[in-house]
Amino acid sequence: MSPSSDGPRDDGHSAEPAGRFVREEGVSPAGTADEELVRALFEDHAGPLYGYVLRLTSDPGRAEDVVQETLLRAWRNPGVLEGRPVRAWLFTVARNIVVDQHRARRSRPQETGDEALAVLPADDELDRAVESWGVAEALASLRPEHREVLMETYYRGRSVKEASEILGIPQGTVKSRTYYALRALKLALEERGLAP
């Protein structure tokens with residue numbers, strides 16, 4: 001059978017009528033009505049559409065992208081242009097694209113520069129904070145009399161004599177409680193994985 005514009009060709013494909021868009025392939029053959037439509041839309045409306053979108057976006061690159069997307073939507077849906085003012089439809093679609101892009105940018109978290117990283121604590125500071133929480137928990141787990149002795153002698157820097165006067169206990173008791181408090185603290189730190 002010979003190829004004709006009406007029937008199947010020898011290769012099993014049917015011939016496409018002239019001027020029809022080949023949707024199965026997703027490609028418009030050169031010189032078809034769809035290509036002519038896009039070319040006519042571009043020639044008649046691209047300039048004013050670009051100016052309108054540029055006023056909306058204040059960004060020449062974005063304006064070009066929006067015009068391209070608008071014309072692409074017109075090419076994909078040529079039927080929506082029939083029986084209505086084409087320019088008004090193009091301007092409405094372009095405005096909707098700009099609004100959608102604006103909303104999409106607002107829904108994403110704002111990008112920050114390196115200045116935000118300078119505010120974050122360094123690894124050493126984080127490690128020290130975690131370690132200090134662990135030490136505080138270990139101190140809290142000690143018996144009250146051991147905790148009092150360690151607070152006076154180590155954290156407040158008092159001598160055995162000063163600690164005994166403040167706590168109202170003999171100096172020997174301060175020494176022995178300090179010894180046992182340090183052993184208990186070491187054990188509590190080891191349980192938390194913080195002992196040296």
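**View 1. A nonpolar surface patch formed by Tyr154, Tyr155 and Leu182.** Together these side chains' residues have about 330 Å² of accessible area (Shrake-Rupley method, 1.4 Å probe, with only the protein chains shown as cover for residues). Patches take residues with over 30% relative accessible area and no salt bridge; nonpolar side chains (Val, Leu, Ile, Met, Phe, Trp, Tyr) are joined within 5 Å, like charges within 9 Å. Leu182 sits in helix 8, residues 171-191 (helices are DSSP runs of H or I, at least four residues, and strands are runs of E, at least two, numbered from the N terminus). Leu182 counts as partly exposed because its relative accessibility is 33% (buried is under 20%, exposed over 50%, partly exposed in between; 1.4 Å probe, protein chains only). This is a predicted model: local features need pLDDT of at least 70, side-chain atom pairs count only at pLDDT 80 or more, and totals for chains, interfaces and linings use all residues. Residues are numbered from 1 along each chain as its sequence is written, and side-chain values use heavy atoms, with hydrogens and water left out.

**View 2. Thr178 in helix 8.** Thr178 is buried, at 12% relative accessible area. Leaving aside residues up to four places away in sequence, Thr178 touches Val149, Leu150, Thr153 and Tyr154 (contact means heavy atoms within 4.5 Å). Tyr154 also belongs to the nonpolar patch of View 1.

**View 3. A negative surface patch of Asp124, Glu125, Asp127 and Glu131.** Asp and Glu count as negative, Lys and Arg as positive; His and the chain ends are not counted. Each charge is placed at NZ of Lys, CZ of Arg, CG of Asp or CD of Glu. Asp124 belongs to helix 5, residues 123-141. Asp124 is exposed, with 53% relative accessible area.

**View 4. The salt bridge between Arg192 and Glu137.** Their side chains meet at 3.7 Å, N to O (a salt bridge is a side-chain nitrogen of Lys or Arg within 4 Å of a carboxyl oxygen of Asp or Glu). Arg192 lies in the segment after helix 8 and Glu137 in helix 5, so the pair ties together parts 55 residues apart in sequence. Arg192 is partly exposed at 32%, and Glu137 is partly exposed at 48%.

**View 5. A salt-bridge network of Glu152, Arg156 and Arg158.** Arg158 and Glu152 meet at 2.3 Å, N to O. Glu152 is buried, at 7% relative accessible area. Arg158 is partly exposed, at 30%. A search of the whole structure finds 6 salt bridges.
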